Every structure is written in C-alpha cells, then in structure tokens.
Amino acid sequence: MIIPYQQLAAETLDAVLESFVLREGTDYGEQEVSLERKLEQLRHQLKNGELLLCFDEPTESINLLTPQQAREMGL
C-alpha cells in the first residue's frame, strides 16, 4: 500500500526516513554524507515522486521504493 508522505506527521516521517537510512548501513562512497544530508535527499526524492513510501501489510514494515519497484510489486 502506498502511503502519501504528506499524511504523516513531520516527526513520524523523520523517524521513518531515519530508520531507512540506518538500515541501509555504512556509506563507503568517496565522501562521507551526514545523516541530515541523507534525510534531506530522501525528503526531496519523496516530494519529486522519485520515491514512494510503501507499507507492506504482511511484514508490517515501511519501505521506500521507486515508482518502478512499486509497480513491479503490484502496488
């Protein structure tokens, strides 16, 4: 199920995004990216429709997917 990110309270959205970033693990890129910068990037991608906030009922988990990934999952 796709959840419009605008329907979440700001604190809830921040917690979801932070959880997603922390699940992704360590960044081994050439430059270190701060947690706040990663959160800004995710917020931007949500606003632009590049990412969707999706709730998986069977696992009761929230994830961020691209529109293509969501389509492939039948969402």
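1. Leucine 39 is buried, with a relative accessible area of 5% (buried is under 20%, exposed over 50%, partly exposed in between; 1.4 Å probe, protein chains only). Leucine 39 sits in helix 2 (helices are DSSP runs of H or I with at least four residues, strands runs of E with at least two, numbered from the N terminus). Leaving out residues up to four places away in sequence, Leu39 touches Leu17, Glu18 and Val21 (contact means heavy atoms within 4.5 Å).

2. A word on the source: this is a predicted model, where local features need pLDDT of at least 70 and side-chain atom pairs count only at pLDDT 80 or more, while totals for chains, interfaces and linings use all residues. Residues are numbered from 1 along each chain as its sequence is written, and side-chain values use heavy atoms, without hydrogens and water.

3. Confidence next: the protein averages a pLDDT of 89, and 91% of the residues score at least 70 (pLDDT is the predictor's confidence in each residue, from 0 to 100).

4. On to the core. The largest nonpolar core has 13 residues, and Leu13, Leu17, Leu42, Leu46, Leu53 and Leu64 touch the most other members (such a core is a set of buried Ala, Val, Leu, Ile, Met, Phe, Trp, Tyr and Cys residues joined through side-chain atoms within 4.5 Å). Helix 1 (10-23) and helix 2 (35-47) each supply at least two residues of this core, and helix 1 gives the most, with 5 residues.

5. Leucine 13 is in contact with Tyr5, Leu8, Leu46 and Leu53, setting aside neighbours within four places in sequence.
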